[in-house]
Amino acid sequence: QLHSDQDKGDGSLKYILSGDGAGDLFIINENTGDIQATKRLDREEKPVYILRAQAINRRTGRPVEPESEFIIKIHDINDNEPMFTKDVYNASIPEMSDVGTFVVQVTATDADDPTYGNSAKVVYSILQGQPYFSVESETGIIKTALLNMDRENREQYQVVIQAKDMGGQMGGLSGTTTVNITLTDVNDNPPRFPQSTYQFRAPESTPPDSPVGRIKANDADVDENAEIEYSITEGDGYDMFGITTDKDTQEGIITVKKALDFENKNLYILKVEATNTHVDPRFLYLGPFKDSATVRIQVEDVDEPPVFGRPAYIMEVKEDVPINSVIGTITAQDPDAARNPVKYSVDRHTDMDRVFNINSGNGSIFTSKPLDRETLLWHNITVIAAEINNPKQSSRVPVFIKVLDVNDNAPEFAMFYETFVCENAKAEQLIQTLSAVDKDDSYGGHQFSFSLAPEAASSSNFTLQDNRDNTAGIFTRKTRYNRHEMSTYFLPVVISDNDYPIQSSTETVTIRVCACDHRGKMLSCNAEALIHPTGLSTGALIAILLCIIILLVTVVLFAALRRQRKKEPLIISKEDIRDNIVSYNDEGGGEEDTQAFDIGTLRNPEAIDDNKLRRDIVPETLFMPRRTATARDNTDVRDFINQRLKENDTDPTAPPYDSLATYAYEGNGSVAESLSSLESVTTDGDQDYDYLSDWGPRFKKLADMYGAMDSDKDS
């Protein structure tokens, strides 16, 4: 209550209030000065209010005392419960953690005044989650309270934490929050096979790297802690089989490494081991993180094709062996227990000439045609072995046959020798050196001997000297030669080899007599082969002839195409009236335009020059113009046009394409009659045509015509 010393109680003073909340939260009795609160006050919204009060003369409105200021403080009461910063907390810790391991810290705040009593003093406690977890009452830190919590037994925990003010005393307010705690995995479980022995079956025809079966060791851990590596540690199939890990399923895939053979071994026993790839040293005390199992693989028998004794055969045969001579034997047998008989054959795709054949029963290969080493040194054939009872079971083997050489070819000149001798040659002069070749093969090297044929040894004008190095020289025997007496000499030479049996041949050397200068250079000679006229070679002449023939053929084809080409129009432009629309954008002059088209031309066909030809195409044949009947002056335009249309349809000179024709005939019109308002003149109703005058000069004629008609009607 406010009271002024000047207040005599006669009602002459008036109290007024201003400041925070004046007139809203706080009101004052202007007569008595009592201050009252109109609403419930909340310290958390505003803890202090500053007000100003004054007493004034009610009659004059002047203050009787200076303005007074006073402060209203709101005392706190415990009306706010603690509030957590999150409604739900999520946390995780590794499984098997020690007691007291930090999990997460929760925080709650109280809006009450922390300086006044214990209204804002918060204490934490756990309502749900014991005995696994605990919480520190003052800090809100949650810790583990139980040893060796195993994720494989329980992974999720839900803990409820309470925050209570008043220091946890009776009557305090409280709030709660939920903490979801997840145990993360550690590698605390070794892999374990669900069974100690596995059995699989594999056909002996299983190709290498093919899977035989799958095994899996179970691991209760997850992710990388459950990754397993499989290996074969021992067993009689250690070299025959392998195992790999499927990264997606963590299974061990057993595969074949080598070809299986039921007849050789039909059972393999393996020891397979599964080991964790990521081992945690903290849990090694739990035991070795690996396990083993026994795998038995039974090999199944299948019908296999015959097997050759060798992967390939190499044989040799002399080229002079008689036909049907055996050169070698191929052996193959059925690997199955039944030991089915085998028959042999030659793949004729590899022996198209049928040079060799094989005995289908014992596999002996023999010749069926003569051999020639100089023609073909190696013969590569394929032999097929198939079971008689099941021909589909077959196999192949390559056979390489080398033809050995025998001395069956006589030596011969390395080239054709044609030489000359000068007329002024001296005796014992070398005019040509000879060499020889032999198609046969010689392991120690060829050794040829040269000599003149017996018939030329004594009477020849030349001598032959064997150089003992597979060459020989021809020398002159006399001093001078006369080409007019003898222009050409033919010298027979015998060439022999030193192989067995000895082969020899007689070759001829052509020697021409020529005129030479003093240095021995040939001037003139009858040996036309030595002096070729200057000119083109035969190949060049053939090439030129082919070019001429190709040019002639091209010209003939071009001419033929020109004759068969269709006649092209003379008018090739946008003005061509065929299949073109020409827009002139010119309106025309109406009925008064007598220059646009002369209808009299249609009524007087005699005015048309029938001899005028079309200028839009090239004329093929000049047909005689057909005279058409002259239309009478009173002939209807429609009849005339129909007559001309019929004539054009039957005209053989008419082009085979559309042309633009102007007939200038409107026709009878539509059955719906005209939609134009101009026909309203025939109706009985009155029509006002004054609006035509507003359409511009183009409609002046119509405005004058119909305006005059309206004037006549009015008159």
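User: What is the torsion about the S-S bond of Cys 422 and Cys 516, and is the disulfide left-handed or right-handed?
Analyst: The torsion is about -85 degrees, so that disulfide is left-handed. Before going on: this is a predicted model, in which local features need pLDDT of at least 70 and side-chain atom pairs count only at pLDDT 80 or more, while totals for chains, interfaces and linings use all residues. Residues are numbered from 1 along each chain as its sequence is written, and side-chain values use heavy atoms, with hydrogens and water left out.

User: Where do Cys 422 and Cys 516 lie?
Analyst: Cys 422 is in strand β32 (residues 418–422) and Cys 516 is in strand β38 (residues 504–516), so the bond ties together parts 94 residues apart in sequence. Strands here are DSSP runs of E, at least two residues, and helices are runs of H or I, at least four residues, numbered from the N terminus. The S to S distance for Cys 422 and Cys 516 is 2.0 Å.

User: How many disulfides does the structure hold?
Analyst: Two, a disulfide being a pair of cysteine sulfur atoms within 2.5 Å. Cys 514 and Cys 525 also form one, with their sulfur atoms 1.7 Å apart. That pair links Cys 514 in strand β38 to Cys 525 in strand β39 (residues 522–525), 11 residues apart.

User: What about the torsion for Cys 514 and Cys 525?
Analyst: About -50 degrees, so this disulfide is left-handed. With the bonded cysteines of the protein chain numbered in sequence order, the pairing is 1-3, 2-4.

User: Is Cys 514 buried or exposed?
Analyst: Buried, because its relative accessibility is 0%; the cut-offs are under 20% relative accessible area for buried, over 50% for exposed and partly exposed in between (1.4 Å probe, protein chains only).

User: Now the serine. Where does Ser 325 lie?
Analyst: Ser 325 is in the loop between β23 (313–318) and β24 (326–329). Its relative accessibility is 17%, so Ser 325 counts as buried.

User: What does the side chain of Ser 325 reach?
Analyst: The backbone oxygen of Pro 322, at 2.6 Å.

User: Which residues is Ser 325 in contact with, leaving aside neighbours within four places in sequence?
Analyst: Ile 365, Phe 366 and Thr 367, where contact means heavy atoms within 4.5 Å.

Methods:
Polar contact = N/O pair within 3.5 Å; in protein donor to acceptor, adjacent residues only side chain to side chain.
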